[in-house]
Amino acid sequence: MTQTARNYAQALYELQVDAESVIKAETILKDVPEVGECLGNPTIAFPVKEQIAGRIFPEDIRNFIKVVCRNQKSDMLLEMFEAYHEIERKAKQSLPAVLLYVTAPTKEQQEKMKSFLCRKFHVKEVTLSLKEDPSLVGGFILRAGGREFDWSFRGRFQALSRALQH
């Protein structure tokens, strides 16, 4: 991630734009890549880009997008939004995590996993996304903070296989 994207993200965060508006703008750019292409196209005049931003994006983020376009940095918008989410998570001391499982965990098990991650990463809150993955055979994989905690049967089988090969 570039420092420029971080700087814009910090400015966006300080503007106190509603987080939902940032998510909506990010979704628009991901779902309709042509919008980003138009905003980043140097042959399209800035007033046209202003109209696009004014019609498509949520009201409280429009001016930010217009400034980004005026400074010819619109090709970095998704990177800026990613940096914004990082800043927001750090401010909230929140950590996103993904749990891959074969058998859905109980609420109590989920709370224990969240507690483990809070201690491990020194955060106050964990947002846990659950995804079923039958290929694990059994157990689960917990991903957070760029780390993976593999307690799946598949992972254990692979580790055993590697150990036996050496």
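The structure is a predicted model, in which local features need pLDDT of at least 70 and side-chain atom pairs count only at pLDDT 80 or more, while totals for chains, interfaces and linings use all residues. Residues are numbered from 1 along each chain as its sequence is written, and side-chain values use heavy atoms, with hydrogens and water left out.

Helices (H or I, at least four residues) and strands (E, at least two) are taken as DSSP runs and numbered from the N terminus. Helix α6 comprises 16 residues, 77–92. The expected span of a helix is 1.5 Å times one less than its number of residues. In terms of relative accessible area, a residue is called buried under 20%, exposed over 50% and partly exposed in between, with a 1.4 Å probe and protein chains only. The buried residues of α6 are L77, M80, F81, A83, Y84, H85, I87 and E88. These buried residues pack against α1 (3–14), α2 (19–31), α3 (33–40) and α5 (59–70), where contact means heavy atoms within 4.5 Å. After α6 comes Q93, which has a positive phi, near 50°.

Side chains of opposite charge can pair when their charged atoms come close. A salt bridge is defined here as a side-chain nitrogen of Lys or Arg within 4 Å of a carboxyl oxygen of Asp or Glu. The structure holds 5 salt bridges. One of them lies in helix α6, where K90 and E86 are 4 residues apart, about one turn of the helix. The closest N and O atoms of K90 and E86 are 3.8 Å apart. K90 counts as exposed because its relative accessibility is 61%, whereas E86, at 30%, counts as partly exposed.

Helix α7 (residues 107–121) contains E108 and K112, which are 4 residues apart, about one turn of the helix. E108 and K112 form a salt bridge in which the closest N and O atoms are 3.5 Å apart. E108 counts as exposed at 54% relative accessibility, and K112 counts as exposed at 55%. E111 and K114 also form a salt bridge, with an N to O distance of 3.8 Å. These two residues are 3 residues apart in helix α7, so about one helical turn separates them. E111 counts as partly exposed at 46% relative accessibility, and K114 counts as partly exposed at 22%. An α-helix has 3.6 residues a turn, so residues three or four places apart point the same way.

A pair of aromatic rings is described by the distance of the centres and the angle of the planes. Rings of Phe, Tyr and Trp (its six-membered ring) pair if their centres lie within 6.5 Å; planes under 30 degrees apart count as stacked, over 60 as edge-to-face and the rest as tilted. The structure holds 7 aromatic pairs. One of these is the edge-to-face pair of F116 and F149, with 5.2 Å centre to centre and 85° between the planes. This pair links distant parts of the chain, since F116 lies in helix α7 and F149 in strand β4 (residues 147–152), 33 residues apart. F116 counts as partly exposed at 24% relative accessibility, while F149 is buried with a relative accessible area of 9%. F116 also forms an edge-to-face pair with W151, at 6.2 Å centre to centre and 75° between the planes. This second pair likewise links distant parts of the chain, with F116 in helix α7 and W151 in strand β4, 35 residues apart. W151 is partly exposed, with a relative accessible area of 36%. F116, F140, F149 and W151 form one aromatic cluster.

A pocket is defined on a 1 Å grid over the protein atoms alone, as an open set of points where a 1.4 Å probe fits, with protein on both sides within 12 Å along at least five of seven lines; lining residues have an atom within 4 Å of a point. Grid points are joined across faces, edges and corners, and a volume is the space filled by probe spheres set on the points. The largest pocket has a volume of about 260 Å³. It is lined by 14 residues, of which E88, R89, S94, P96 and T127 are the closest to its centre. At least two lining residues are supplied by each of α2, α6, β1 (94–101) and β2 (125–132). The largest share of the lining, 5 residues, comes from β1.
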